[in-house]
Amino acid sequence: MSELTPPSIEVGPVGEPAEPEVPLTLSEPLPQSDVAELDQLDVDPPLVGIVMGSKSDVPAMEAAEKELTERGIRSETRVISAHREPEVVADYARNAKLRGLRVIIAGAGLSAALPGVVAAHTELPVVGVPLTSRTSVAGGLDALLSIAQMPPGVPVACVGVDNARNAAVLAARILAP
Ligand code: RP5
């Protein structure tokens, strides 16, 4: 009968903590590339989002940005269409509060769905600007009614036709402490 040799099992050190892959403290200075990335972070995010349904709305809506800038209120401007890119509008509105925006100004012409769609996706106050365009009905009455006549529960404040400046003044008053 041959002798049985027990198999040799290599056992490593027991109970030693694993080496952390990432240092847990910032005792070392950050690499320059990381510092550059941090510098690019927007520490002063815009407070007012100005959106409009078409590039053709830009001339009328510029007055809102101008008014806010003169008052020292940071804003951002985007052209996003409620009917051409509904998902983009929904994402913008859903993320607006998280990004630090406090008021949204939305300008649109014709059936002017943009302000209402934005209001449906955010709790932020939305100020609508009814705009005239090439094929407006009754001098912009179509857009005025589309914005002012939001059903109960999803309000959109409505300024006068093509009166983007008043939307900015109202936004400033909403932001006033
Ligand atoms: C709306 O339709 C826009 O807000 C604009 O006022 C109007 C006309 O748009 P375009 O045909 O000039 O793109 O969606």
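Predicted model: local features only at pLDDT ≥ 70, side-chain atom pairs only at ≥ 80, totals over all residues.
Biologist: Which side chains have an N or O atom 2.6 Å from an oxygen atom of the ligand?

Modeller: Ser56 has a side-chain N or O atom 2.6 Å from a ligand oxygen, and a polar side-chain atom of Asp57 also lies 2.6 Å from an oxygen atom of the ligand; since the limit is 3.5 Å, both pairs are therefore polar contacts.

Biologist: Why is Leu110 counted among the residues around the ligand?

Modeller: A residue is near a molecule if one of its heavy atoms lies within 4 Å of it, and Leu110 is listed around the ligand together with residues including His83, Arg84 and Arg134. By class, this shell has 2 nonpolar, 5 polar and 3 charged residues.

Biologist: How do you know where the ligand sits?

Modeller: A molecule sits in a pocket if more than half of its atoms lie within 2 Å of the grid points, and the ligand sits in the largest pocket, whose volume is about 340 Å³.

Biologist: What lines that largest pocket?

Modeller: Its lining consists of 18 residues, with Ser54, His83, Arg84, Gly109 and Leu110 nearest the centre; by class, 6 are nonpolar, 9 polar and 3 charged.

Key
Residues numbered from 1 in each chain as written. Heavy atoms only, no water. Polar contact = N/O pair within 3.5 Å; in protein donor to acceptor, adjacent residues only side chain to side chain. 1 Å grid on protein atoms, 1.4 Å probe; cavity = no way out; pocket = protein on both sides within 12 Å on 5 of 7 lines; lining within 4 Å. Nonpolar A, V, L, I, M, F, W, Y, C, P; charged D, E, K, R; others polar. Points joined across faces, edges and corners; volume = space filled by probe spheres on them.
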